[in-house]
Each structure stands twice: as C-alpha cells, then as structure tokens.
Amino acid sequence: MASRVLTITIGNDNIKLCDVSYSAQKSIQVLAAVSVPTPASACEDGMVIDIPLMAKTIRETCDANGITTKNVIFCIQSARIASKEVTTPELKEAKLKQFITTNATEYFPVNIDDYVLAHTVLEPIEEEGIKKTRVMVAAAPVDMVENYYALAEMLGFHVEAVDYTGNATLQFIRFQIDAKPSIVIQLSEDSTLVTILNRNVLQLMRTVPYGKSTIANALMEKREISYDEAMIAMTDTHNALKSSFGEGDYVTDSLRYLVNNISRVMDYYTSKNPQAPIENAYILIEGSKVYGIEKLFSYELNIKVESLDAIRQVAPPPTDGREPVDMTLYIPNVGCTIHPVNFTPRSALEKAKSANSGKYFRLVLLVSIFIGVLLVVFPLVSFINKKWEKSELEKQIADKEYIRATADEYYVAKDKYSDAAKFDIQAYSNDDYLMNFIEYLEKEMPSDISITNMSVAN
C-alpha cells in the first residue's frame with residue numbers, strides 16, 4: 001500500500017475525507033480531515049447512486065482543502081455488508097481464499113454471485129490436536145463495490161483498497177490498546193459497538209442498538225428541549241449522569257438497556273474464555289463527550305472503564321489557528337489505512353488482468369528488442385574494436401617505415417658479400433701455400449739437410 005492515501009467514507013448524511021500518511025513504524029499522520037454533507041439522493045446506505053454528482057462533490061472538497069493525493073481507500077458504511085467469523089483448516093493464502101469462496105454459501109444465505117468476498121485472518125488455533133485458522137469473512141454487494149471503482153475512475157484516483165467500517169474500526173481499536181484482554185465500548189449517535197480483544201486479536205464484536213441519541217431523547221422528554229440542546233446538555237458537568245441506576249434518575253436510567261446488553265456480551269465472552277478474563281475496559285465516544293458516563297459504566301459493569309479521549313499514535317492535522325479536529329469522528333478513515341480488507345469486483349480483476357497481459361506483452365516485446373539489439377551490438381562492437389586495432393597497427397607500421405630502407409641496404413650488402421665469398425671459395429687451392437711452405441723450410445731447416453724429392457697433392 002502507498003505510504004500516503006486519501007481515505008473516503010461516504011454516509012447518508014456526510015462524506016468524510018482524510019489525507020493520511022502511514023509509515024512502516026506504525027505511526028499515522030493525518031494531514032487533512034474534512035467532512036461535508038452528502039448530496040441529497042447521491043448515496044443510500046453506502047450505495048453511491050449518483051456517481052457524477054458524488055465525484056463533483058469530492059473533487060470540489062479536495063480542491064477547497066488543498067488535497068492532491070490520488071491513491072484512495074474507500075471505507076464503505078453500510079448495513080448491507082455482512083460479516084461472519086468462521087473456522088477453516090490451516091491453509092496458505094491462495095488455498096484459504098479458494099476455500100472461503102467454495103464454502104461462501106454456507107456462511108451467507110444469499111446468491112453469492114451478487115457479492116464480493118474479502119477476509120481477514122484473525123489467528124491460528126488448535127482444536128483436538130488439529131491446526132485451524134479463525135477468519136473473519138465479509139461480503140459486500142458487487143454493484144456497490146463496482147460503483148466505488150467507477151467513482152474513482154471518474155475522479156482519476158487509483159484504488160488502493162475498498163474496506164468497510166467494521167474492519168476499519170477494529171484495526172483502529174487494535175492500534176489503541178495493549179495485548180491484555182480488553183473490552184472497547186464505542187459509543188456513536190445511534191448505536192454502540194462492543195469489541196473484545198485478547199492479545200490484540202478480535203474475540204467478539206457486537207452492535208447494540210442504543211447510542212448517544214438515547215440520552216438525548218431522555219433529556220428532550222424530561223427538560224422539554226430540542227435535540228441539539230440535549231446533545232450539548234450531556235456534555236455539561238451540571239447535567240452529568242448519575243453514578244448508578246440506583247439513584248432513580250430518569251436520564252441515567254435511559255442507559256439501562258445499553259448497559260445490560262454490554263454486560264451480557266461480557267458474560268458470554270467470560271463463559272467461553274474463563275482462562276482470560278477481561279482486564280481493561282475503554283469507552284470511545286464519537287464526537288461530543290457524555291459527562292459522567294465512565295463512572296456510571298464502571299459501577300454498573302463492575303470494571304474500571306477508562307475514556308479513550310486521547311487517541312494514541314495518531315497525529316491530528318495542524319490547526320493553523322483553527323479549532324482542532326475531533327479525530328473520533330474519523331475513526332474509520334484512520335483505521336482503514338492500517339490493514340484494510342480489499343473488496344475487488346470481478347470487473348476490476350479482469351481489467352487488471354488485461355492490463356497485466358498488456359504489460360506482459362510489452363515486456364516480452366521489449367525483451368525481444370533488447371536481445372535483437374544485443375545480437376547486433378556485440379558483433380558491431382567486435383568489428384569496431386578490430387578495425388581500431390588494424391588502424392593502430394597500420395599507424396605503427398607507418399611510424400617504422402624508415403627501417404625498410406635500412407633493411408633493403410642490408411640485404412643488398414649481404415648479397416654482395418655472399419657472391420664474393422662464393423668466388424673466393426671457388427678460387428682457393430692449397431697449392432697457394434706451397435711457396436710459403438718452401439720458404440719456411442729454407443729458413444728453418446738445418447743446412448746439412450737436403451730435400452731431393454717432394455710430392456704435392458691439393
């Protein structure tokens with residue numbers, strides 16, 4: 001995945017964009033975060049209906065906020081996305097994907113051809129001596145995912161991944177807590193997501209249909225105020241919740257169903273995992289806070305509940321003198337950069353395959369051309385080298401041309417000498433030395449010796 005991406009979450013009410021830089025050291029820097037109203041009739045439960053209008057809105061928002069990043073991760077917010085935890089045999093990734101696709105109809109009672117599957121490996125386990133894998137499988141309508149790809153194409157964006165808010169939220173929560181068994185209560189306006197993790201691995205995730213609006217509605221009824229006024233009132237220390245349901249406060253008692261549901265989720269987990277009881281409890285509230293809710297939950301759930309007000313390892317965008325951005329409103333946008341699932345429709349896979357085939361053909365063509373060039377270049381280089389060597393030798397010969405005249409003179413003199421030597425040999429005879437011998441005898445022989453006869457042969 002690219003180190004810098006634009007994350008986009010499209011809801012019925014708002015479009016949320018974050019320009020995010022994500023490093024290998026697991027630090028997240030949010031460079032820009034902006035929320036704009038969703039155009040009327042442009043989106044319905046995560047399905048982008050009016051693609052040109054949505055593209056126009058996103059493009060104008062990016063231009064207005066100086067966002068130029070072209071790599072995008074879409075995070076789908078929709079009740080039409082189904083997810084289920086399954087246990088599979090221990091398989092390699094390619095085999096695991098094939099196994100999930102083959103058994104998809106057992107996980108989801110729908111026509112699986114109309115859905116795109118994605119999965120996240122939770123952890124390896126062992127049951128009765130057999131190694132298995134816990135996997136979270138998700139299914140999204142294929143037409144929904146294809147519309148996001150069409151939206152990216154119209155915007156000129158490159159799709160890094162298409163995630164969904166359930167997985168993105170889980171990744172964000174994992175980013176915030178340690179390895180101890182922990183429960184995270186994520187309170188949004190209309191619902192509450194309860195997540196239990198152990199060793200930073202998801203153990204249980206449930207959605208409870210009560211949120212901050214439950215408190216707001218109780219305040220509206222008791223004090224006869226507007227919804228907006230109620231949302232403000234719950235943040236006021238003077239309008240704080242009581243510390244327990246036993247105090248008989250009407251507003252506090254409105255949370256009884258929510259707390260009871262959370263308690264049941266905790267009891268279910270404890271019954272399945274008695275060896276790893278919950279040690280930490282956190283509450284994460286999206287947007288405006290609810291004063292006193294940590295104390296109430298701590299008392300009623302019988303565990304200390306801490307607030308995750310300060311989001312860890314995530315640097316918010318610079319304020320530049322403006323009001324700081326509340327990053328709790330952009331949890332899915334941040335979480336989808338960490339470890340997104342990737343809903344990829346068949347049309348996108350076929351397009352990528354076609355593009356890869358074209359790339360492969362171009363690669364083969366380039367390799368062929370390269371080999372052809374090598375076949376021509378090597379002999380050509382060899383010929384040029386030999387020609388250069390020949391030129392150098394000819395130059396050296398020219399530099400020593402004066403030696404040829406000396407050599408010719410030598411050979412002429414040698415011939416003359418040879419002719420004279422041959423003539424001398426032919427004219428030589430031992431008789432030439434007879435006179436010398438007689439004179440020697442006359443000089444050296446005693447006077448009383450006389451030679452009366454001499455025979456000479458050459």
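Which residue just after α1 takes a positive phi? In this predicted model, in which residues are numbered from 1 along each chain as its sequence is written, local features need pLDDT of at least 70, side-chain atom pairs count only at pLDDT 80 or more, and totals for chains, interfaces and linings use all residues. Side-chain values use heavy atoms, with hydrogens and water left out. The residue is G66, with a phi of about 65 degrees. Helices (H or I, at least four residues) and strands (E, at least two) are DSSP runs, numbered from the N terminus.

Helix α1 itself comprises 14 residues, 51-64, and reaches 20 Å from its first C-alpha to its last, close to the 20 Å expected at 1.5 Å a residue, the expected span being 1.5 Å times one less than the number of residues. At the start of α1, a side-chain oxygen of D50 comes to within 3.2 Å of the backbone nitrogen of L53. Residues are termed buried under 20% relative accessible area, exposed over 50% and partly exposed in between (1.4 Å probe, protein chains only). By this criterion I51, M54, A55, T57, I58, T61 and C62 of α1 are buried. They lie on the same side of α1, because they cover an arc of only 160 degrees around the axis, the arc being that of the directions from the helix axis to the C-beta atoms. An α-helix has 3.6 residues a turn, so residues three or four places apart point the same way. The face of α1 turned away from the buried side carries D63 and A64, which are exposed. The cover over the buried residues of α1 includes the strands β1 (4-10), β2 (14-22), β3 (28-37), β4 (43-44) and β5 (47-48), together with helix α4 (142-155), contact meaning heavy atoms within 4.5 Å.

Part of this cover belongs to an open sheet of six strands, in the order β10-β6-β1-β2-β3-β16 and with mixed pairing, where two strands pair if DSSP finds at least two bridges between them. Its edge strands, β10 (158-164) and β16 (314-315), each pair on one side only. Strands β1 and β2 run antiparallel and are joined by seven bridges, with a hairpin of three residues leading from β1 to β2, and T9 stands opposite K16 in β2. Nine bridges, again antiparallel, pair β2 with β3, and I15 has V36 in β3 as its bridge partner. Helix α1 lies across β1, β2 and β3 at about 50 degrees to β2, whereas α4 lies across β1, β6 (71-76) and β10 at about 150 degrees to β6; axes are lines fitted to C-alpha atoms, for helices over the stretch in contact, and angles run from 0 to 180 degrees between N-to-C directions.

An open sheet of three strands has the order β7-β9-β8 and antiparallel pairing. At its edges are β7 (82-89) and β8 (115-127), each pairing on one side only, and neighbouring strands are turned by 20 degrees against each other on average, direction ignored. Eight antiparallel bridges connect β7 to β9 (130-141), and E85 has M136 in β9 as its bridge partner. Helix α2 (93-102) packs on this sheet, touching β7, β8 and β9, and its direction makes about 115 degrees with that of β8.

Conventions. A polar contact is a pair of N or O atoms within 3.5 Å; within protein, one must be able to donate a hydrogen and the other to accept it, and residues adjacent in sequence count only if both atoms are side-chain atoms.
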